[in-house]
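Work through the exercises below with the sequence and the 3D structure open. Try each task before reading its solution.

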Amino acid sequence: MNPVTAPWVRTRLRAAPGAAVALAVLVAVTACLAAAFPRALDRYTDAGLRQAVEHAPVDERSILVTAEPDLDGGVAHTEESVRPERLAALYESTLDTVERPLVIDEKRSSYGVRTTGTLPSPDTWLPRPDGLPAEMLLAAPHGLADHARLRSGRLPEVPGGEATASTSEVQAAVTEETARTLHIEVGSVIHLPGPQDLTVRVTGIVTPEEPDSAYWSVDSLLRGPSLRRTPGPMGASNPAYWTGGLLLAPEAAPALLSATPTVRYWHLTPDPDALHSRDLAPLARAVASLESGPGLEKLHATVSPLTDVTTGLDAAFTTYGELRGDIGPLIVVAASGTGTVAAVVLLMAGGLATDRRRAELALLRARGASVRGMAGRLLAETAVVAVPAGALGCGVALLALPGGRLLPSLWAAAAVTAVACLALPLRAAAAHRAVGIHDGRRDAVSPRASRRRTVAELTVVVLALGAVELLRRRGATDGAGDLVAMAPVLVGVIAALVLVRLYPLPLRALARPARRLRGAVGPLALARAARGSASAVLPLLALLTAFTVAAFGGSVLSGVADARDRAALLSVGADGRVEAESALPAGLPGRLGRAPGVREVTEVGLDYRARTNDGRQSLPLATVDPGDYAALAGRTDLGAFRAGELRRPDGAAGGAEDAVLPALASPAVAERFGGDSFQVRLADGSTATLRIALVRDRTPAVSGDDFLVVDRAGLPAGAVRPNVLLLTGDDLDAGAVRRAADGTGTVQLRSEERGTYVDSPLQSGAEHLYTAAVTSAAGYAALALLLSLASAAPERTALLARLRTMGLTRAQGRRLLVLESLPQALPAALGGVLTGWAAVRLLSPGIDLTTIAVSAPTSPAGRAELSADPWSLAVPAVAVLVLTVGVAALQAWWSGRRGAVAELRAGDAR
């Protein structure tokens, strides 16, 4: 066979331009999605890491290196060790010590000298709330002009340009907050006695540019004063005194040496743009090296043998790593599922193209074409379309999602392009490895599976069962392996193989009874379905895999939403909550009841200071109206009970002394008091005798593990007046509820509480990726179904044309195509529902959604388990049936509008 030449490729593309455009669109969209996934994942994970660092306390999200001045070598050497030139040189050396990939943001970092403690000032003009003198912290930071705005006066300087340890007067600036609180003005003089008295003249007042930045977190006194109390017995009213910070010029640092112990510091702030989740392990190693590794040894050698390094970055990295370890496997499951469906669709496109060109390829082989030469021709004509389309899809993904890694996206797009290019040549080479013109019937009923196919199917079944069992035992942890990530997909593959094996059985069972039906449409449709092409196996595989992915992904999203709703409900107790420390106004329930969305208002008197009779144990005691509270507990499913079980006994109204009130208690309280009666002393001094009659794990009024609930009517009048209002309603208007409350209490809404559980971009990113996975899987499943129906369209059109010449009406033609498609669509829909349900049931013991739901290992609602979502199961099944019937009806309508002459004359496909 001659080598592949351009005329062949050009001729083939001109002969079927529609197929080429469809393939290009399919490859471009798939390559775009494949290239976008790693970049989107990088963006979400990187944003999660940066947020974890930024949300850490300001003094923990940076690295603080401290060292005492060099005391060896005399006073001159000590003075030299704190001068700006020496500190700058050591700062550069410290930066060189930090290992990559940890990058320091020099603009947000600082260094300087500060005192280790505060010095009392005898100046009486400084405020003295309890008669104690104010105390001052002195610091000489570098770059004050770059991190503060001058409000009045000027920045401090050193007269003569250089200070020494014997300098007794220096200049300083203070922040605007310090000046306002401590009554400091430009020109104020502060005296600080010590081993050598120091006089500080205030020359300027500044405002920090970023008060929460690392520059101002060396010590909180640098940005604002603090009111402190002297040590003393706990609970006693210990005297208080003010402390503040004075900002000296960097050149004045030697003057601090004789006043009080000082320390040199270098505050290193990581560059947030250089923090990448993929570098988490190297980042942790770089921090560990500075804290207690080679980096610290190098600092000991270059700065001082007593250099100390403190940071909270290691804790932030650890917390984020745990969150990523819990969420990461779930993202891999979604990606593997959607990727499998997309790969199946690409393979199916190649397989359908092979079936459509079966006669052409068989003729080429009969005329002497080699398998290699034929595969080369097919590869060339496919690559001309697929390679530019894949490059276009990858380029769109790179432009749409900047900032992520380039190489993974290129590999993903290249993999999609390679599958698209090789699907047709490899399938054609396998189908036409032997020369032949007629290959017999290709029914779904008659062929028997080969031994190779049986072995392959058994291998897939064994792998899937092993992955499912491993996932059930180990859970979807970060070390569970790639096989576990493919478990939902393998479950769908098993179902597809089983359904393909069972598909001929009902056809055989229905073939004989169908012959006795009146009319030709029913038997003909069944016969046509029984003689369907064997290539229907691949569309069925795509459909069932997509069903499993959609059911699993939809169940994950539904489980996350339910877990957040439940956790928010447990925290609030209802759809809304208004709580105050004292009794609420009598008219407040009425105003809240008229707020938009509010249906019910339940009053609760909550006493957190109720104590047992011995006075050693306090318990939250809720006093309620049993009828209203029982209805609320039933609606919220928080410890439902019958109202009559909590009502006071007859004769116990108004807190009768000999009355024993039934109480609802938590398991911990019930275990403590048992079934005996006991007395509880209320906050107003009155007592009540209770006996535990009901035990519930949860109750709307109290979110903790210890609580008691009693009938308000059995207590003395006014003993515990309502101070909590629990609101029930749909879509509560937060603004209207707060306006109705009018500041009388704290307002909590279930919807707002739910929003607080989305704490990390990694959580929201995982949800977005799952939504995209479910949508993409559904789209590819629909595409697989359309490709399958389109492959049989020419044959069906010719069949209808021939049957119309025999008297078949248009209505009968529509029924024929619809009934022909149902034997394949209906088993796929039912099998998809069962497969999705079984996959969720089998894999749910190993899936914990707690972390992705509430960004914490534990939730107030307990473990968030995976459960089947009915909508995720039903919607895809109904969509498959509707799409199949709709396409068949549309095809019958379109063929009826065309003349039968052209169909009977061209092709004559039998």
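A salt bridge is a side-chain nitrogen of Lys or Arg within 4 Å of a carboxyl oxygen of Asp or Glu. By that criterion the structure holds 15 salt bridges. The model is a predicted one, in which local features need pLDDT of at least 70 and side-chain atom pairs count only at pLDDT 80 or more, while totals for chains, interfaces and linings use all residues. Residues are numbered from 1 along each chain as its sequence is written, and side-chain values use heavy atoms, with hydrogens and water left out.

**Exercise 1. Describe the salt bridge between Arg672 and Asp706, and state where the two residues lie.**

Step 1. The side chains of Arg672 and Asp706 meet at 3.7 Å, N to O.
Step 2. Arg672 belongs to helix H21 (residues 667-673), and Asp706 to the loop between strand S18 (687-695) and strand S19 (708-711). Helices (H or I, at least four residues) and strands (E, at least two) are DSSP runs, numbered from the N terminus.
Step 3. The pair links distant parts of the chain, 34 residues apart.
Step 4. For accessibility, buried means under 20% relative accessible area, exposed over 50%, and partly exposed in between (1.4 Å probe, protein chains only). Arg672 is partly exposed at 36%, and Asp706 is partly exposed at 28%.

**Exercise 2. Which residues of helix H10 are buried, and what do they pack against?**

Step 1. In H10 (residues 358-366), the buried residues are Leu361, Ala362 and Arg365.
Step 2. These residues cover an arc of only 100° around the axis, so they are on the same side of H10. The arc is that of the directions from the helix axis to the C-beta atoms.
Step 3. The buried residues of H10 pack against helix H9 (313-356), helix H11 (371-400) and helix H12 (407-431); contact means heavy atoms within 4.5 Å.
Step 4. Just after H10, Gly368 takes a positive phi of about 105°.

**Exercise 3. Find the backbone features at Pro101, Asp637 and Asp731.**

Step 1. Most residues other than glycine have a negative phi, and most peptide bonds are trans.
Step 2. A cis peptide bond joins Arg100 and Pro101, with omega about 10°. Pro101 lies in the loop between helix H4 (84-97) and strand S2 (110-115).
Step 3. Asp637 has a positive phi near 60°. This residue sits in the loop between helix H20 (626-636) and strand S16 (660-665), and is exposed at 51% relative accessible area.
Step 4. Asp731 has a positive phi near 50°. Its place is the loop between strand S20 (724-729) and helix H22 (734-741), where Asp731 counts as exposed at 77% relative accessibility.

**Exercise 4. How many helices and strands does the protein have, and what share of its residues is buried?**

Step 1. The protein has 29 helices and 21 strands.
Step 2. Of its 910 residues, 49% are buried.
Step 3. Among contacts between residues at least 6 apart in sequence, 81% join residues at least 24 apart.
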